[in-house]
Amino acid sequence: MNKSKEQLLNKRYKAEQRFRLYGLGAIFMALLFLTIFIFKIFSTGYSAFQKTWLIVPVTFDAELMMLEQNPSNEDLQDADYYDIALKSMADLDPNANEDQENELKRMVSYFFEKEIKNELLNNPGLIGKTKEVYLTASDDLDQVFKGNYPRDLPEDQRRVSDYQLKIFDQLVAKGKVESKFNISFFTYADSREPELAGIASSFMGSIFSILVCLMIAFPVAVLAAIYLEEFAPKNRFTDFIEVNINNLAAVPSIVFGLLGLGVLLAIFHLPRSTPLVGGITLSLMTLPTIIIAARASLKAVPPSIREAALAMGASRMQTTMHHTVPLSMPGTLSGTIIGLAQALGETAPLILIGMVAFVNTIPGSPMDPAASLPVQIYIWAESAERGFVEKVSACIMVLLGFLIIMNLFAQIIRHKFEKKWS
Amino acid sequence: MNLILFTFIVLLGFTSYYFGRKKAYTIQSSNKRLTALPQFYGYYLAIWCAIPAFIIFSLWAIFEPTIVKLLVLSDYSNQGYLDDELNLIYEKTKSLSRGQFTGEITPFIEASAEKYLSLRSIAQSSKAVIVLSIIIASVAYAYKRISSNSRTREPVEKFLNAVLFTASLAAILTTVGIVFSLIFQTIDFFKVIPLFDFVFGTHWYPAKAFVRDSSEALDPSMYSDTFGAVPIFAGTFFIAFIAMCVAIPIGLMSGIYLAEYASSKVRQYAKPLIEILAGIPTVVYGFFAALTVGPFLKELGTSMGLEVSAESALAAGGVMGIMIIPFISSLSDDVITSVPQSLRDGSYAMGATKSETIKRVIFPAALPGIVGSILLGVSRAIGETMIVVMASGLAANLTLNPLESTSTITAQIVVILIGDQAFGDPKTQAAFALGMSLFLVTLCLNIVALRVVKKYREKYE
């Protein structure tokens, strides 16, 4: 009898242990996913911040460039750089036949002509001389150099030929291949060629959409929150508004995309693919988030503040505008930043309003077509080229960096400026 | 021009604020008692200056293009043009007047372009004149009222109240906008495709709707067997089901652990870390699912002799589940912490262990709230787009095998609407019909979930 009681107790304690372990295991799993996730992104993405350059001797032959004696700056602008560019690539292998010369040319990006031109424009004294110029390597060689490309595949399954690899290895042996920090990733617009693709255009697109979103959503949401929290009579209509706001916060984002397409584009004829439309769509999405945050922080202001102001003879509007709202601002602002961070990561609605169009110029205003960072991730992820994989991860790192900064900022505002009432 | 006028109105508004306040001070200095603080006099004047002007200004901006268009096209009214042709003529006219026209210039269009330009300039100048005279009239009226030291605070506050009220309508307007943008296309869609075929048809193949000559009239029989949404609804719920299979056990158990077992230190670090998962953009999850999880499952399957599609429902659903973990864990954590301590104490006093208390007392007490949080998770899974678009298939298969690829409502909407859309085409309308069903399903889930959670909260608070 006694023994079985002890057994029962042991069993119960074991069950207790097990249950605890399940809980611990669940948390461990969730954190494990997070770790794998971040590790995966960083391990594929860090190499995109390096770019491979081939150092090629270029002879600035005035005759080949169709330049006359003592050319002016304009002459240099208009000169023909293609021939010397081609020649300097072909000179890498003096015995190359025509096909091989073509392959040599494809070892660098199609910007090589422009890169040679810039070299001369920066230093016009080079005419007639030979200088080693840094040329962007093609994305396949870039991947080979970073070790991401399996070299042991049969040649017909590779995008780099054996011949290109041979020349490339010779260059590596001579120390004429260099890897430097990839500035162009941050300054170039999108491109079909991975080695020339950058996030500048989508970054500006994101900034513009977020600004438009902020300018619309913040004032409207704060005003709405003030009304609902401070002035609204408690009746069916305000209840309805409240139910509406809570529901809107849970409506799938793609439905807002359909709203943008069906109303903003089809009825108001706003320009397609622009951050303006994107920002308006996102602002409708962020509205409920900010309203809920602003109401919560208005509610947190203790009634004694309002009573004191009213007792001094302030009107209700004055009490609200001079006392309650300023005191609630830290909470509202941090809620706004969190809402904007959500909007910054949103993709689906922007795809529907056409912000997936290929844009290879950097937008200068919210009325220019643009992509946004998450949409850029989607576009690159759907591209077949191997070089885009690391670009996607790098773009994700930039996006996550921004989200982390925004969230930290929200935390700081909340902890630094929010008054603790007690 | 518009911008100049706009800045002008704003500047005038500020100046009238200044003058209003100054007037109040002069009244005060003549030893009369003010009826409100001096700045209210300023606000009063500024509102009277700017608001009527803005109203006229925006009404003008809305109606000017239509009226100009009507006037320009009135030249062509009796020549039997169709509406589309008239629109084309008008577009040509506009681009010619901007100097961007590249086609052949006919004298007709040249004449209309001139007319267009002259109408525009007349409109611009008359707008400026009207807006300015409105400003003068309303400011004069308001200034007179101020001078007689009549009430200014009440009207200003009434106005502010109206502004606040209008802002609070934004949420309703958004909902109305959503329903409005979905419903017309959906009705048009069901005019061509019978509702029955949509809800019970088992073939979804919208690409077929594109293979037709646009000159032919719409023939509904062509679309039978094209827009049967059963495979898509099934795929949506199937992927959501897989996601919940991942999210519910992990999310719920971590919620329970955080609420009942974790020391405050663990809680302080683990909770925000798990919530990071909710902050990661879905496109990033999509990339992860498509590039890492999909191929990994395929390889794993091949090594076990199973045929796994690289775009399997399992990959998309699993990753979606990871995304939903924090929603369920935080909400159930909140719900469990709000169960009153007296229930726990009662159970402990009866000799129950902690896990027995959780399973037999706290869990049943917290159940409505937990169900609410799960429903919100389901609604999120159904509405999730990017993971499915990137990691799951785009062809709608009717299957219950998690290793094959399926498609969802959201993925189909994106597939149909990416790129250029032709409104009025059944394919585009189909996307809106899908959007409508998505909206209705998630709306029902949300309403039920929010109700349940709210009821539960009221019970213990």
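## Helix packing in chain B

In this predicted model, helix α1 (residues 2-29) of chain B packs on helix α2 (residues 38-73) of chain B with an axis separation of 6 Å and an angle of about 155°. Because angles over 145 degrees count as roughly antiparallel, α1(B) is classed as roughly antiparallel to α2(B). The crossing of α1(B) past α2(B) is right-handed.

In terms of residue classes, the contact of α1(B) with α2(B) comprises 19 nonpolar, five polar and two charged residues.

## Helix packing in chain A

Two pairs that share helix α9 (residues 200-231) of chain A are described here. With helix α14 (residues 316-344) of chain A, this helix forms an angle of about 140°, and the two axes are 10 Å apart. That angle makes α9(A) oblique to α14(A). The crossing of α9(A) past α14(A) is right-handed. On the α9(A) side, the contact is made by A:Ser206, A:Ile210, A:Cys213, A:Leu214, A:Phe218, A:Val222, A:Ile226 and A:Glu230. On the α14(A) side, the contributors are A:Thr320, A:Thr324, A:Val325, A:Thr332, A:Thr336, A:Leu340, A:Ala343 and A:Leu344. By class, the contact of α9(A) with α14(A) contains 10 nonpolar residues, five polar residues and one charged residue.

The second pair joins α9(A) to helix α12 (residues 275-299) of chain A, at an angle of about 35° and with axes 6 Å apart. The crossing of α9(A) and α12(A) is also right-handed. The contact of α9(A) with α12(A) draws on 23 nonpolar, six polar and four charged residues.

## Composition and dimensions of the chains

Chain A contains 17 helices and three strands. The radius of gyration of chain A is 30 Å, whereas a compact globule of 422 residues would have a value near 22 Å. Along the principal axes, the C-alpha atoms of chain A fill a box of roughly 90 × 80 × 40 Å.

Chain B has 16 helices and zero strands. With a radius of gyration of 32 Å, well over the 23 Å that the globule rule gives for 461 residues, chain B is more spread out than a compact globule. The box filled by the C-alpha atoms of chain B, taken along the principal axes, is roughly 85 × 75 × 35 Å.

## Domain layout

The division of chain A gives domain 1 (47-182) and domain 2 (200-417). The C-alpha centres of domain 1 of chain A and domain 2 of chain A are 46 Å apart. Each of these domains contributes seven residues to the contact between them. On the side of domain 1 of chain A that touches domain 2 of chain A, there are three nonpolar, two polar and two charged residues.

For chain B, the domain assignment gives domain 1 (2-151) and domain 2 (230-460). The centres of domain 1 of chain B and domain 2 of chain B, taken over C-alpha atoms, are separated by 51 Å.

## Contact between the chains

How many residues does each chain bring to the contact? Chain A supplies 65 residues and chain B supplies 68 residues. Within chain B, the element that gives the most to the side touching chain A is helix α6 (residues 170-192), with 11 residues.

The side of chain B that touches chain A divides by class into 45 nonpolar residues, 20 polar residues and three charged residues.

Terms used
Residues numbered from 1 in each chain as written. Chains lettered and ligands numbered in written order. Predicted model: local features only at pLDDT ≥ 70, side-chain atom pairs only at ≥ 80, totals over all residues. Contact = placed C-beta atoms within 7 Å. Helix = DSSP H or I, 4+ residues; strand = E, 2+ residues; numbered from the N terminus. Nonpolar A, V, L, I, M, F, W, Y, C, P; charged D, E, K, R; others polar. Domains from an automatic or database assignment. Axes fitted to C-alpha atoms, helices over the stretch in contact; angles between N-to-C directions. Parallel < 35°, antiparallel > 145°, perpendicular 65-115°, else oblique. Left-handed = near helix turned anticlockwise from the far one by under 90°. Rg over C-alpha atoms; globule rule 2.2 N^0.38 Å.
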